[in-house]
Amino acid sequence: MAKLWAGRTAGMTDKIADDFNSSIHFDCKMYQQDIEGSIAHAAMLGAKGILSADEAQALIDGLDEILNDLQSGALEFDLSCEDIHMFVEQVLTERLGDLGKKLHTARSRNDQVALDLRMYLRAQGQELLEQIYDLLAAIEQKAEQYKTAIMPGYTHLQRAQPILFSHQLLAYSMMLLRDADRLKDCMNRMNVSPIGSCALAGTTYDTDREFEAKQLGFDSVCLNSIDGVSDRDFVVEMLSCIAIIMMHLSRFSEEIILWSSWEFKFIELDDAYTTGSSIMPQKKNPDMAELVRGKTGRVYGDLMALLTTLKGLPLAYNKDMQEDKEAIFDALETVQMCLSVFTPMIATMRALPENMKKAAQTGFINATDLADYLVGKGLPFRSAYKVSGQLVAKCIAEKKTLETLSLSEYQSVSPLFENDVFDAIDLENCVARRSSLGGTSPASVEMQLQYVRNAIKQK
């Protein structure tokens, strides 16, 4: 089949070269954006008198019919076409004759694909935002459900200080809220129209770029035509946003995997989000969380692939840039699929507060509170730290806990200890006293919960 660009050459390429060069098998995802962009372009050509009003309307009607036929299944993609742009133009020309050939006046596939991709990612970004807020809602509900459950907080994967389980969950809410903000910022910068940049130098026709931008919901137009066709920062930025989202999901997955193990047993996942073993009947594997963790590397690869592709490209458009779409499409599909399974996995997750509390009662995670108690009695913190450490060492040697030491044993190390030391190291009291802004006290957690609820409402 002769190509629409035939002229300087015969437009007849080898079948292998055709397959290698073709992008329609993946850029067909953007058919709706391509057609909507062409409708706006036809309207502009008519409004500016570059085409007659009748010609512009006939093109718009023809494009509407193609869109309807694709959506209904009456029309299928011709994979022998080089890309989605050529497919639409070919069908339009078949249906309207030479009039269809006029649609491409004052534009190039270079600015056309940049337009399609911005519009497609804008729409996909909005869907991704909705999924992030759905997950935020699931986390908020789970944090509310287990608002008072005490667990050990960890540093270096060692038991460190007592915290509320809800506080730990809400840490992921803060990450996801930043993810949402980053994505919104990315979409704002993305919402600039490149159409009218043409191949790279603009056009000799009296076009109205602002008209097309407004028709397509853009905030403004790119001010440099070379940048308009060669810019893929918006793709890299969205890939970066997605990679950070996946990193957060992966960290959460790691905790879920640990928490659901017999060694921790802090939570139990619903059967619908676990698998069994083909040989070990006792197994209940957190495969969904493991897959999310694994797919994070895949998304990182997409980001690195595009950064590497773009790093040495001269201005303006180069065919290398065709590689942007498979990377961003794969990353989008991956994060959307991960969120679609992650959210209900969290929503159906069951916490086991008794096991959390039992773990919190060992490991001396109230040792800092013991030191703080001595500080309250007038001892400098560094000295109080040493006394607390000595008592921990004594407990380890004698297989005791801070709670089971007698008052006389405390006083043998420091005369500052009194009966109220036992209230000071009580886990509930330890948590309640951490009332600093952002801390783990019930009041602080309630404030964090309200903050997340408000953010979801204001999305």
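These legends walk through close-up views of one predicted model.

**Figure 1. The whole chain, before we zoom in.** The protein chain folds into 20 helices and 6 strands. Its radius of gyration is 31 Å, well over the 23 Å that the globule rule gives for 459 residues, so the chain is more spread out than a compact globule. Along the principal axes, the C-alpha trace spans about 100 × 55 × 40 Å. Buried residues make up 49% of the 459 residues. If we take the contacts with a separation of 6 or more, 75% of them involve residues 24 or more positions apart.

**Figure 2. Where helix 5 meets helix 7.** Two packed helices are described by the angle between their axes and the distance between the axes. Here the axes of helix 5 (residues 84-96) and helix 7 (residues 109-145) come within 10 Å and cross at roughly 105°. Angles from 65 to 115 degrees count as roughly perpendicular, and helix 5 and helix 7 are therefore described that way. On the helix 5 side, look for Ile 84, His 85 and Met 86; they meet Arg 109, Gln 112, Val 113 and Asp 116 of helix 7. Sorted by class, this contact has 3 nonpolar, 2 polar and 2 charged residues.

**Figure 3. A salt bridge between Lys 29 and Glu 333.** The closest N and O atoms of this pair are 2.6 Å apart. Lys 29 sits in the loop between helix 2 (24-27) and helix 3 (31-47), while Glu 333 belongs to helix 13 (residues 323-347), so you can see how the pair links distant parts of the chain, 304 residues apart. Lys 29 counts as partly exposed, at 33% relative accessibility. Glu 333 also counts as partly exposed, at 39%.

**Figure 4. A salt bridge from loop to loop, between Glu 82 and Lys 319.** How far apart are the closest N and O atoms of Glu 82 and Lys 319? They are 3.5 Å apart. Glu 82 lies in the loop between helix 4 (53-72) and helix 5, and Lys 319 in the loop between helix 12 (287-310) and helix 13, so this pair ties together parts that are 237 residues apart in sequence. Is Glu 82 buried or exposed? With a relative accessible area of 8%, Glu 82 is buried, because buried means under 20%.

**Figure 5. Lys 357 and Glu 428 join two helices.** The side chains of these residues meet in a salt bridge, with 2.7 Å from N to O. Lys 357 lies in helix 14 (residues 353-360) and Glu 428 in helix 19 (residues 427-433), so the pair ties together parts that are 71 residues apart in sequence. Lys 357 is partly exposed, with a relative accessible area of 24%, and Glu 428 counts as partly exposed at 37%. Elsewhere, salt bridges that share partners join Glu 140, Glu 144, Lys 147, Glu 446 and Arg 453 into one network. A search of the whole structure finds 34 salt bridges.

**Figure 6. Backbone details in two loops.** The loop between strand 1 (150-155) and strand 2 (158-164) holds His 156, and Leu 157 is in the loop between strand 1 and strand 2 too. His 156 has a positive phi of about 60° although it is not a glycine, and Leu 157 likewise has a positive phi of about 60° without being a glycine. His 156 counts as exposed at 75% relative accessibility, as does Leu 157 at 57%. Turning to the loop between helix 12 and helix 13, we find Ala 316. The peptide bond leading from Leu 315 to Ala 316 is cis, with omega near 10°.

How values were computed: Residues are numbered from 1 along each chain as its sequence is written. This is a predicted model: local features need pLDDT of at least 70, side-chain atom pairs count only at pLDDT 80 or more; totals for chains, interfaces and linings use all residues. Side-chain values use heavy atoms; hydrogens and water are left out. Axes are lines fitted to C-alpha atoms, for helices over the stretch in contact, and angles run from 0 to 180 degrees between N-to-C directions. Helices (H or I, at least four residues) and strands (E, at least two) are DSSP runs, numbered from the N terminus. Angles under 35 degrees count as roughly parallel, over 145 as roughly antiparallel, 65 to 115 as roughly perpendicular and the rest as oblique. Contact means heavy atoms within 4.5 Å. Ala, Val, Leu, Ile, Met, Phe, Trp, Tyr, Cys and Pro count as nonpolar, Asp, Glu, Lys and Arg as charged, and the others, Gly among them, as polar. A salt bridge is a side-chain nitrogen of Lys or Arg within 4 Å of a carboxyl oxygen of Asp or Glu. Buried means under 20% relative accessible area, exposed over 50%, partly exposed in between (1.4 Å probe, protein chains only). The radius of gyration is taken over C-alpha atoms; the globule rule is 2.2 Å times the number of residues to the power 0.38.
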